Amino acid sequence: MGDLTDGHVRTVPVDRVEGRMRLEPTELGRLFKIPDLQVHSAPGDKSDGTGGSGGSGLTTGGVLLLTGTMPGKTPTKPAPVSVMW
């Protein structure tokens, strides 16, 4: 382990590698050319909680809501658009 932390080991055999990346909304907006991009967690589950079929929507756990004004060539003022991802 000491050789690994000291930088003496050039290769390490592995079976699996995991990684994560965090993007700030402003950086994501620059990437997609949407300067007013906002990122929020999506609204909660719309079911009524009774376990029956009376709910009014789908479960949205783990989903993001992206809102911003899409760039375009329309002559009218563009309206904000929201997308669940």
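Tutor: A residue is called buried when its relative accessible area is under 20%, exposed when it is over 50%, and partly exposed in between (1.4 Å probe, protein chains only). The model is predicted: local features need pLDDT of at least 70, side-chain atom pairs count only at pLDDT 80 or more, and totals for chains, interfaces and linings use all residues. Residues are numbered from 1 along each chain as its sequence is written, and side-chain values use heavy atoms, with hydrogens and water left out.

A salt bridge here is a side-chain nitrogen of Lys or Arg within 4 Å of a carboxyl oxygen of Asp or Glu. Searching the whole structure gives 3 of them.

One joins R16 to E18, with an N to O distance of 2.7 Å; both of these residues are exposed. Another links R22 with E24, whose closest N and O atoms lie 3.1 Å apart. In this pair R22 is classed as exposed because its relative accessibility is 72%, whereas E24, at 38%, is partly exposed.

The remaining pair consists of E27 and R30, whose side chains meet at 2.8 Å, N to O. Both belong to helix α2 (residues 25–32), and because they are 3 residues apart there, about one helical turn separates them. E27 is partly exposed at 40% relative accessibility, while R30 has a relative accessible area of 60% and is therefore exposed.

As for the setting, the chain contains 2 helices and 3 strands, where helices (H or I, at least four residues) and strands (E, at least two) are DSSP runs numbered from the N terminus. Their sequence pattern is α-α-β-β-β. The 3 strands make an open antiparallel sheet in the order β1-β2-β3, two strands being paired if DSSP finds at least two bridges between them. At its edges are β1 (38–41) and β3 (80–84), each of which pairs on one side only. Strand β2 (residues 64–69) pairs with β3 in the antiparallel sense over 5 bridges, and G68 stands opposite V81 in β3.

Over the chain as a whole, buried residues account for 11% of the 85 residues. The accessible surface is about 7700 Å², with 57% belonging to carbon and sulfur atoms; such areas come from the Shrake-Rupley method with a 1.4 Å probe, and for residues only the protein chains shown count as cover.
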